[in-house]
Amino acid sequence: MKLLDRILRRDRDEDLAAEIQAHLAMAERDKVEGGDDPVTARFAARKEFGNVTLVTEATRRSWGGVWRERAADVAHDIRYAIRTLRRSPGYALIVIAVLSLGISANVVVFTLFKAIALTPIPNVAGSARLGVLVARTDAGRIMPLSLPDFRELRAQGRTLHDFAGTSMEAYSLGLGTHGERVFGEMVTGNYFQVLGIHARLGRTLQPSDDVVPGGHPVVVIADRLWQDTFASDPAIVGRTIRINAHPFTIVGVAEPGFQGSIVSLRIGLFVPVMMQPQLRGIDLLSAREMPLLWGLGRPLAGSSTEAELLSAHLDAGQPARAVRQRATVIPIWRSPYGAQTYMLPAILLLAVMGMLLMLIVCANVSNLVLVRAVGRRGELAARMALGASRPRILRLLFVESVVLAIPAAAIGVVLARALGPLMGDDTVASIAPVPVGMELSADWTVVAFAVLVACASAVVFGFFPALRTSRLDLGAVMKDDLSPRGGSRSRVRNVLVIAQVAVSLLLLVGAGLVLRSLEAARTANVGFDPRHVASASIDLTPNGYDAARGREFYQRLLEAIRRQPGVESAALTGVLPLTLVDSNSVQTDVEGYAPRRDEDMRFLFNRVSPGYFATLRIGLIAGRDFRRSDSVDTQPVAIVNETMARRFWRTPEGALGQRVHLEEGGRWRTVVGVVRDIKYARVTEDPRPALYRPFEQSYVAAMTLHVRSSDQERALLPRIRSAVQSLDPNLPILNAGMLADQIRIALTVFAMAADTLLAFGLIAVLLTALGTFGLVSYAAKQSTHEIGIRIAIGANRGALVRGFLGRGLRLGAVGAACGVAAAALVTSWLSTLLYGVTPIDGVSFAGASAIVLTTVALASLVPAWRASRTDPIAALRHR
Amino acid sequence: MERTDPPERLDLLQGTLDMLVLQTLQWGPQHGYAIAQMIRVQSSEALQVETGSLYPALHRLQKQKFVKSEWRTSDANQRAKFYTLTAAGRKQLLRERGRWAQLVAAIGGVLDPGTAKG
C-alpha cells in the first residue's frame, strides 16, 4: 500500500515535470516563431515561466494534505541524514556510544523508580494510585489500625473505595521434616478482589473466609513459593501445611508475578485475618488498642479530609485511648510498609545525578556536532542560498540528531538490562534479611522513557549547533572558502567544556560525600561491638512449646552454649539491631510524669536475657544487668537507655528505682539499670529512648541467640547448630550467621547509592576528558599552519605545549570553580543521605577538584604535546 | 490607439482563477500553456496568469473532478497534457458565473446606486 503510494507519487512527479517541460517548449517555439533567436527564446521562456522548483512545489501541495507533504519531507530528511552519517561512521559511532552510555544510566534509574513508585505492586493495575489507610498519632507516628477501628471505617465507606486490610508477618512454614521462614500477609477476605488478583490454581481468599474468628484455616500461596518450595506440584490445592504449627489447607495459588502488597518484598503466604489468634497465640481481633491492619484501596476524591473528619468520631468513641489517633489515607509511595520510604530518596538522588550525567553527555555530543557543523557550513550555506528556509534547515539538523539518538536509545535499554542487576535486585537480595523482589523488567514504559530521553537530548545537544547555523552569514561563507577555517570562534565550545567540568565535579562531590558517609557509617560507633558475635534465630512456636517449656529450653540452650570452649558470653534477644526496621515500640507511662497532649510516648523496646549487654559490649552506666533471679515470680524490672534516663530523670543514677508502665498490661516495672544508647534500626538515626525487659518476664517463642567467642568465626556456627539440635533435633535454625554480616543491610542504601554515584561520576569524568581532548585537539589542528610557522622561525616547543595546556587548564579552572560553587549550593539537599560528613566536606570537594583538574590537564597535554611535534615543513606544505 | 504603457496588471481575486480556467476550457481541451495565453490575450494583457498559480489550480480542479487530463500531441506536433471540462466542471462553471454576476451586481450597486435601482 505504502509502496504503491510512493510509486504513484513518483509517477505524478514525473508527469508534472513533463507537463512543465512541454509548457517551456511551447513557449520557446512561440517566441522563435515570433522572431527571436533560439537562445534568447529559451531564456525568455524560462524567465516568463518563473521558478520551476517553486511552481513544482506549489503544485505538489495541491495534491494532498499538508501532513503528507511534511511526512514525505521528513522521510527524505531521514534518508538524507542516514546517508550523510554513513559517510562519517566514526563520528556517528562515537555519538551513539556516548549517548547510549548516558541513556542507559538513566534507564536503570528509571527502572528502579518504576519498580518502587510507578508499579509498586506487580500485577495490580494502577497500583501507584492506591491509598493506604492508617492511624496517625498527634506526634505523627503512623500505625496500623485495630480491627474494630478498621471495621468501623469500612462501614462508613468514606475514606477509600472498597478497601482491603492487610498486615505483614514472618511465619514459620512447617513442611513435615523441617521448617522454613516465609513472609506472609494476614488479609481481610476482600483482599484479592480489591487488588484484582486471580488464582492460578484453585481459588483466592473470599469474603466468606473472613467471618468466624479461628474458623478459616485456609491459605493462598504465592506462585513463586509454589514453584520453589512445592516444586510446582499441580495437585497442591487441598494439601495441608502447618503455619506457626497450625494446620492450614491450601485453597489456591495466586497468579504468576503477584508477590503481595508490600512494596519490593516477596510474600509467600496469604492467610485470613480471622486466623490471627491461632497464628500469634493471643487474640487481638477485638482489642481496640492493638494495631493490627492497615487498609489498602483506591482513594475517593478528597478522601484525606474525610478521614480527618472521621478521626473525630474515632476519638469520640474512644475517650479513654492513651494517644489521640486519626485515621488518614496516605499515598502508597509514602507508606512505611515496604521499601518505598527509604528507597525513594535514594532513587530521587540517582535520578538527579542521572540527569546531570545526561547534561554532560549532551554537552559532549554538542561539541562533536559543532565541530562537524563547522565543516558543513558550506553545504548549509548553499542550501540556504538555494532557498531553503531557516526552519527547514533546523528541521534537517534536528532529524540528524534524532537519527543518532534513536539507536542510542535502543542500545541504552539493552545496556541497562545488562547493568540493572548490578545495582538492583540481586545485590540487595543477597544481603537483605528479607526476600526482596522488584519488578525490573523492561516494558513499554521503559522503552518509551528511553526514546523520550533520547529525543530530549537530541533537542539539547542539537541546540547550540543549530543556533550557530541560524546565524550563518551566507555572503561570508560563500565568498570565503568552504573550509572550516572561518569557524574558529569557539566561545560556545569553551562554555560546553566548562559546563562538563562543572557538572562532573558536582557529580564527583556527590559521590565523594556518599562514599565518605558510607565509610563513616561502616566505622561508626554504633554503640555495640558486632565483631566475633555469631547470631542464630530460633522459633519454638511450630514445635509446640508452651511458655514454661520454652523458658526451660532457652535456659538450657544458653547453658549448653556457654559451656562450649572459646565462648565468652551468650545471650538472647528479641530483635536484631540495625535491620532498618523499627522493632516493636510500646506505649509507655512514666511514674510521676504527665506527658503533653501530643507527646510521643511510644518507645522502642526489646526483650533480652541476662548477659546481653556484655555480649554486645553495650556499656552499663548505672545499676545492674538483668539476673536469672528476675523471673516471672519476682518484681518486674526494666533497663532503660541513657537518653530515656536523662529525659525523664535527668541523670542515669536518678533513673534507678523509678517505675514505668508498658501498655500491653502487667504491673509497674522498676528501673534497675541504665545502659548506653546504641543505633537501634539505622546507623543514621538520632538518639532515642529505649527500654529492655528481661526475657523471663516477657516470654515469646521466637528469639535470637548472640554468642561472643574468641574462636574462629567459621567454627562457631556449626557448634551452635549442634548445641540446638542436641536439645531438639527438629528445630529449624533461621538466619544463622555473623552479626557483622547481618547488620550490613543497614548500609545497603548507602552502598547502592555510593556505587551508582561513583559510576556516574567516573563516566562523567571520562566524558569530560573526551570533551577537553576534543576541544584542544581541534584548536591545535586549526592552528597547524600557525604552529608550523612559529616552529619554523624557532619558537620554543615547550612554550607551545604550555600554551595549549594553559588553555585547557583555564577552562578546567573556571569549570571547577563553577562546579564547586554549584556543589556547595546543592549538597545540603543530600543531608538525609549523609552521615558523619558535613555537606561542605573539604575532603570530598578537594578530591573531586583534584580528579577533575588532573583529568583536564592530561586531556589537554596529549593533544598539546602532539601539536608541538608538528613538522613545520609538512604543516606549511599542507596549506 | 498608441500603446505606450503596458496595461495595468490586475491581481486575480481569490477563486476567480478557477472560474477563468473552467471558462477557457469551455471551448475545448487545452494544455496549461494555451490556457495561460488565452486568458492573457482575452483580457487584453490585463490578466497575467502566474504559472505558480495556474498549475496548482489545474491540479486542484482535477482533484475535484471538474476537469480531466490526458497526454496528446498538439497541432504543432508537441506532446502536452490537455485538460478537458467534465460535466461536473460545467455545472461548477455555471455556479461560479452566477456568483460572479451577483458579486458584480452587488459591487456595481454600491459604486453606482442609480443603476442598481433601475
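The points below cover chain B, then selected parts of chain A.

This is a predicted model: local features need pLDDT of at least 70, side-chain atom pairs count only at pLDDT 80 or more, and totals for chains, interfaces and linings use all residues. Residues are numbered from 1 along each chain as its sequence is written, chains are lettered from A and ligands numbered from 1 in the order in which they are written, and side-chain values use heavy atoms, with hydrogens and water left out.

**Chain B: overview**

- Chain B has five helices and three strands. Helices (H or I, at least four residues) and strands (E, at least two) are DSSP runs, numbered from the N terminus.
- From the N terminus on, the order is α-β-α-α-β-β-α-α.
- Chain B has 118 residues, of which 39% count as buried. Buried means under 20% relative accessible area, exposed over 50%, and partly exposed in between (1.4 Å probe, protein chains only).
- Take the contacts in chain B between residues at least 6 apart in sequence: 50% of them join residues at least 24 apart. Contact means heavy atoms within 4.5 Å.

**Chain B: sheet and helices**

- Chain B holds an open sheet of three strands in the order β1-β3-β2, with antiparallel pairing. Two strands pair if DSSP finds at least two bridges between them.
- β1 and β2 of chain B are the edge strands, each with a single partner, so one side of each has no neighbour in the sheet.
- β1(B) and β3(B) run antiparallel and are joined by two bridges. B:Q30 has B:Y83 in β3(B) as its bridge partner.
- α1(B) lies across β1, β2 and β3 of chain B, at about 100 degrees to β3(B). Axes are lines fitted to C-alpha atoms, for helices over the stretch in contact, and angles run from 0 to 180 degrees between N-to-C directions.
- α3(B) also packs on the sheet, touching β2 and β3 of chain B, and its direction makes about 50 degrees with that of β3(B).
- Helix α1 (residues 16-25) of chain B is mostly covered, with ten of its ten residues buried. Among them are B:L17, B:D18, B:Q23 and B:L25.
- The buried residues of α1(B) pack against several elements of chain B, including α2 (32-42), α3 (51-63) and α4 (87-111).

**Chain A: strand β21**

- Seven of the eight residues of strand β21 (residues 702-709) of chain A are buried, so the rest of the structure largely encloses it.
- Strand β12 (residues 533-539) of chain A pairs with β21(A) in the antiparallel sense over seven bridges. There, A:A536 has A:L705 as its bridge partner.
- Strand β13 (residues 567-573) of chain A also runs antiparallel to β21(A), joined by six bridges. A:A570 stands opposite A:V707.

**Chain A: strand β8**

- Strand β5 (residues 199-202) and strand β8 (residues 246-254) of chain A pair in the antiparallel sense over three bridges. A:A199 stands opposite A:A254.
- Strand β6 (residues 218-221) of chain A pairs with β8(A) in the parallel sense over four bridges. A:V220 stands opposite A:G252.
- Strand β7 (residues 240-243) of chain A runs antiparallel to β8(A), with four bridges between them. The bridge partner of A:T240 in β8(A) is A:T249.
- β7(A) and β8(A) form a hairpin with two residues between them, and A:N244 in the turn has a positive phi of about 45 degrees.

**Chain A: helix pair α17 and α27**

- Helix α17 (residues 491-522) and helix α27 (residues 842-868) of chain A pack at an angle of about 140 degrees, with axes 8 Å apart.
- α17(A) and α27(A) are therefore oblique to each other. Angles under 35 degrees count as roughly parallel, over 145 as roughly antiparallel, 65 to 115 as roughly perpendicular and the rest as oblique.
- The contact includes A:L505, A:L508 and A:G512 of α17(A), and A:F845, A:A848 and A:V852 of α27(A).

**Chain A: A:S127**

- A:S127 lies in the loop between α5 (89-118) and β1 (131-137) of chain A.
- A:S127 is buried, at 1% relative accessible area.
- A polar atom of the A:S127 side chain lies 3.2 Å from the backbone nitrogen of A:I121.
- Not counting residues up to four places away in sequence, A:S127 touches A:L118, A:T119, A:P120, A:I121 and A:I332.

Conventions. Polar contact = N/O pair within 3.5 Å; in protein donor to acceptor, adjacent residues only side chain to side chain.
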